[in-house]
Amino acid sequence: QNKLKNTFATTVIGSHNDVSNNTTNSFVSGSHNKDYNGQHNASLGKLNHINNGEGNLVSGFNNTITDASMNTTLGNNNTITNNDESFVSGKNNTLTNSNITFVIGELNNVSGNTVHSFVSGKSNTITHTKRDGVFGESHDISGTINTFTSGKDNTVTSVTNGSVTGIDNIVNNSTTAFVDGSANIVDNSELMKVVGSHNMVT
């Protein structure tokens, strides 16, 4: 049995869905989905929850969108909070306080006013980046602008116009830095190219 309360121009198909609290012009299909105070949303699947959102599309299982607009979420157990105009696909991804960002994969955590960024892979932590591309696994990236990171276990902080590829590299406070290899450390550098392993540039 579906529950509809205080709704307008909303279609609900399936069972045990809960659509209420001034939800309007929305579509819900499946089971155990919730849409509270939503406008122009579409929810397809099971156990998806939209709370105070507009223009969102959710498809899959146990995805949650809160205080967000114009997002698309596909997959399982993804969470979008206070975010606009973004795309998340995969499972167990979290996108918070960011806009116009694309996330594909698993266990990625993107937050802190990240904008215009693309994240693909697993277990990456991204905070406060602008126009970044991130590919791979277990990167820790924060405060970067126009920077590309690929590989595994790279730590990139406060880098502008940089490129970091490989494994276990650490790049901090640098501009136009190109790092390719493993276990390199680059700190407070500009217009620097480092290739190989276990180099230190400060």
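Visitor: How many helices and how many strands does the protein chain have?

Guide: Helices (H or I, at least four residues) and strands (E, at least two) are DSSP runs, numbered from the N terminus. Here the protein chain has zero helices and 26 strands. Some ground rules: this is a predicted model, where local features need pLDDT of at least 70, side-chain atom pairs count only at pLDDT 80 or more, and totals for chains, interfaces and linings use all residues. Residues are numbered from 1 along each chain as its sequence is written, and side-chain values use heavy atoms, with hydrogens and water left out.

Visitor: What does the C-alpha trace span along its principal axes?

Guide: The span is about 65 × 20 × 15 Å for the protein chain. Take the contacts between residues at least 6 apart in sequence: 0% of them join residues at least 24 apart. As an example of distance along the chain, Gly 162 and Asn 41 are 121 residues apart, and their C-alpha atoms are separated by 38 Å.

Visitor: Which strands pair with β7, and in what sense?

Guide: Two strands pair if DSSP finds at least two bridges between them. Strand β7 (residues 49-54) pairs with β5 (residues 34-36) in the parallel sense, over three bridges. Within that pairing, Ile 50 of β7 stands opposite Asp 35. β7 also runs parallel to β9 (residues 64-69), joined by five bridges, and there Asn 51 has Thr 66 as its bridge partner.

Visitor: What about β14, which strands does it pair with?

Guide: One is β12 (residues 87-91), parallel to β14 (residues 102-106) over five bridges; Ser 89 is partnered with Ile 104. Another is β16 (residues 118-122), again parallel with five bridges, and Phe 102 has Phe 118 as its bridge partner.

Visitor: How many aromatic pairs are there?

Guide: Rings of Phe, Tyr and Trp (its six-membered ring) pair if their centres lie within 6.5 Å; planes under 30 degrees apart count as stacked, over 60 as edge-to-face and the rest as tilted. The count comes to four aromatic pairs. Take Phe 87 and Phe 102: their ring centres are 4.6 Å apart and their planes at 20°, so the pair is stacked. Phe 87 sits in β12 and Phe 102 in β14, 15 residues apart, so the pair links distant parts of the chain. Ring pairs also join Phe 87, Phe 102, Phe 118, Phe 135 and Phe 148 into a cluster.

Visitor: Where does Thr 129 lie, and what is it in contact with?

Guide: Thr 129 lies in the loop between β17 (125-127) and β18 (133-137). It counts as buried because its relative accessibility is 0%. Leaving aside neighbours within four places in sequence, its contacts include Asn 113, Val 115, Ile 141 and Thr 144.

Visitor: And Gly 162, where does that lie?

Guide: In the loop between β21 (155-160) and β22 (163-167). Gly 162 is buried, with a relative accessible area of 8%. Beyond its neighbours within four places in sequence, Gly 162 is in contact with Asn 146, Thr 147, Phe 148 and Ala 177.

Notes
Contact = heavy atoms within 4.5 Å. Buried < 20%, exposed > 50% of the residue type's maximum accessible area, 1.4 Å probe, protein only.
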